[in-house]
Amino acid sequence: MPSSKHIRVRITEEQSMILRANAVQLNVTRSDLARSAARFDVSTNVAIREEADAVLTAVDTLGFFRVKVQFARWMNHRDQYFRAIDALVHKHFTNVAHAESVATSAHDKLLHLDALASLGIKTCEAILEVNSHTLDAFRKDKPNMFIFRSDGETFDRLSNNCTKLGVSKSDYVRGFCMPGIDDAAMLEKYFNARLVYVDRASLPELVELVRSTGYLFDDALHDMNIIRAAENMSYYRAVELCDHADRKLGQAASRYMDIWKKLDGLGADMFDGFIVLPESKNTKKGA
């Protein structure tokens, strides 16, 4: 290989075994697969998604952990909110019609948020299961050194791709060389790809959307818990806090479709594929 360069990356024993299994399926060497992945023309520009030979969504353990934790908190908030409504009705709202109106308004919104939380947890668990081998391997210590040779052009392409994605060479090789593909034909098509689109925006956008919605839910529950904890409170103060809580809860529930579409998009990507990459601090969208 003229003017060859040695590329050193760190992979765990489990990752090495997966890489070797992929190579056996395609009847090539591990180095051939690494060089093939290094030569990808990687883009995060959504405009070229339809033109790409392979479409991957970047996932990371921390991102999904954040989403799952938020959805779990929502379900806990739901139970607390219902208890707060019960206290409100019995302690402050003796008017039956008013009490029913408050309970019905909150119930409808809570059902929407509860449905999202249930779907979100199931979606996260499914994606984590698909990528469990690679995600688990990322968390293991004492990785082995894997060295492969490449020409100068391939080395430069690898360096540029790492810069675009904001990852190290080791992260890149671990992510791109160990996809969860069992079918040999699909695996061959993947490693023969020229243009690869990597969606690095969907997961961070979902994390932020779920987190900011959780803040609204927190505010609403805070007001309801003030009412619940109060031994003596004027009717008008209770109405004020209840109305404020209901507005916040309504704002949270109004994001139903936005979050649903994000989750549905990730579910659809189960048929395209995921790439396990660590969360990037400096990745520019559309690079």
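Is Asn161 buried or exposed? Asn161 is buried, with a relative accessible area of 1%; buried means under 20% relative accessible area, exposed over 50%, and partly exposed in between (1.4 Å probe, protein chains only).

This is a predicted model, in which local features need pLDDT of at least 70 and side-chain atom pairs count only at pLDDT 80 or more, while totals for chains, interfaces and linings use all residues. Residues are numbered from 1 along each chain as its sequence is written, and side-chain values use heavy atoms, with hydrogens and water left out.

**Asn161 and its helix**

Asn161 is placed in helix H6. Helices (H or I, at least four residues) and strands (E, at least two) are DSSP runs, numbered from the N terminus. Leaving aside neighbours within four places in sequence, Asn161 is in contact with Ala38, Phe40, Val42 and Tyr172; contact means heavy atoms within 4.5 Å. Helix H6 (residues 152–165) lies across E2 and E5 and runs at about 10 degrees to E2. Axes are lines fitted to C-alpha atoms, for helices over the stretch in contact, and angles run from 0 to 180 degrees between N-to-C directions.

Tyr172 is also one of the buried residues of H7. Helix H7 (residues 169–177) is mostly covered, with eight of its nine residues buried.

**The sheet**

An open sheet is formed by four strands in the order E2-E5-E3-E6, and the pairing is parallel. The edge strands, each pairing on one side only, are strand E2 (41–43) and strand E6 (274–276). From one strand to the next, the twist averages 35 degrees. Two strands pair if DSSP finds at least two bridges between them. The table gives the joined strands, with one facing pair of residues for each.

| E2 and E5 | three | Ser43 and Tyr197 |

Strand E3 (residues 54–59) is largely enclosed by the rest of the structure, because six of its six residues are buried. Both of its faces are covered: Ala54, Leu56 and Ala58 are buried on one side, and Val55, Thr57 and Val59 on the other.

**The cavity**

Rolling a probe the size of a water molecule over the atoms shows where empty space is left. A search of the whole structure finds one cavity of 30 Å³ or more. On a 1 Å grid over the protein atoms alone, a cavity is a set of points where a 1.4 Å probe fits but cannot get out, and lining residues have an atom within 4 Å of a point. The largest cavity has a volume of about 40 Å³. Its lining consists of Tyr81, Ile85, Val102, Ala106, Met224, Cys242, Ala245 and Asp246. Helix H3 (61–91), helix H4 (96–130) and helix H10 (235–253) are the elements that give two or more residues to this lining, and H10 gives the most, with three. By class, the lining of the largest cavity has seven nonpolar, no polar and one charged residues. Ala, Val, Leu, Ile, Met, Phe, Trp, Tyr, Cys and Pro count as nonpolar, Asp, Glu, Lys and Arg as charged, and the others as polar.

**An exposed loop residue**

Asn27 lies in the loop between helix H1 (13–26) and helix H2 (30–38). Although Asn27 is not a glycine, it has a positive phi of about 60 degrees. Asn27 is exposed, with a relative accessible area of 71%.

Technical notes:
1 Å grid on protein atoms, 1.4 Å probe; cavity = no way out; pocket = protein on both sides within 12 Å on 5 of 7 lines; lining within 4 Å. Points joined across faces, edges and corners; volume = space filled by probe spheres on them.
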